[in-house]
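Q: Please take a close look at the aromatic rings of this structure and at the charge placed over them.

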Amino acid sequence: MADNKNKKRPPSVQKDKENAAFYRIVVILLIAVTVEAIGMIYYRRMGSRLFRVGHAGSMNTARYVFAVLTVLAAGATAYMAAFGKKWKYAAWALIFAFSLFVSSELIYYAHGSGALTVCVAAPVLAALAFVYIIFGHVFFAECSLCTLALVTLAAVRGSVFGLKFFFILTVVLSAAVLIAAGVRYTRAKSGDRPEYTTVFIAAVLTLAASVLGVLLGSGFAYGAIFAVGAFLFIDAVYHTVKLM
């Protein structure tokens with residue numbers, strides 16, 4: 001009987017994990033769609049009376065409302081976690097409210113470029129969250145580094161603002177991941193080392209592409225974008241096959 005119970009447990013546990021992952025993906029998708037809709041509306045209709053941005057505009061009111069909602073959700077999450085209650089729903093409300101608050105701040109201070117940033121960032125961050133839920137932390141780290149490298153290289157070409165910020169962030173994170181992957185690689189068993197090898201390659205490629213892109217200029221950055229994109233595609237195929 002014990003053997004039969006043990007055989008029946010893994011499918012049930014796996015089913016519960018799949019359902020939990022599905023619900024998380026749905027909630028993240030709803031948050032991303034809402035934020036994306038706000039960004040697109042303000043980007044397209046920023047000059048209208050209803051969606052005017054400024055001290056007298058609707059976004060000035062919305063940003064304070066979102067700030068209050070973020071504080072309330074954070075307090076509710078902390079309270080429920082402290083007393084051992086179910087705090088996950090409050091945590092999702094916190095993520096939702098904080099996403100709206102950050103988006104409103106970007107739109108309020110950067111106007112059209114802020115709204116465009118929201119429109120780009122929402123699907124990208126949602127996709128990274130999906131990667132983490134479906135594939136785990138290894139491929140998530142690789143996708144995050146490659147995404148930062150692509151943004152940095154785009155900033156070198158002048159397509160994205162904030163080159164200094166993205167360059168420093170990319171270099172620091174890629175160096176940290178490179179060190180962590182090297183330590184894990186030396187301590188891991190021989191059968192687990194290929195997993196850390198892909199992280200090592202992603203970190204080296206990200207660091208090299210970003211540094212050389214800044215040093216050599218937009219011409220090199222243009223080719224490096226294709227190199228990083230090609231690696232990301234191959235890496236996605238590898239982890240997808242591994243997941244099957």
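A: The charged end of R63 sits over the ring of Y64, 5.0 Å from the ring centre; a charge counts as sitting over a ring if NZ of Lys or CZ of Arg is within 6 Å of the ring centre and within 35 degrees of the ring normal. The charged end of R63 also sits over the ring of Y108, 4.0 Å from its centre. This is a predicted model, in which local features need pLDDT of at least 70 and side-chain atom pairs count only at pLDDT 80 or more, while totals for chains, interfaces and linings use all residues. Residues are numbered from 1 along each chain as its sequence is written, and side-chain values use heavy atoms, with hydrogens and water left out.

A search of the whole structure finds 7 aromatic pairs, where rings of Phe, Tyr and Trp (its six-membered ring) pair if their centres lie within 6.5 Å, with planes under 30 degrees apart counted as stacked, over 60 as edge-to-face and the rest as tilted. Among them, Y108 and Y109 are edge-to-face, because their ring planes stand at 85°, with the centres 5.0 Å apart. Y108 is buried at 9% relative accessibility, whereas Y109 is exposed at 57%; buried means under 20% relative accessible area, exposed over 50%, and partly exposed in between (1.4 Å probe, protein chains only).

Y222 and F226 form another edge-to-face pair, 5.2 Å centre to centre and with 75° between the planes. Y222 and F226 are 4 residues apart in helix α7 (residues 218–243), so about one helical turn separates them; helices (H or I, at least four residues) and strands (E, at least two) are DSSP runs, numbered from the N terminus. Y222 is partly exposed, at 45%, and F226 is exposed, at 54%.
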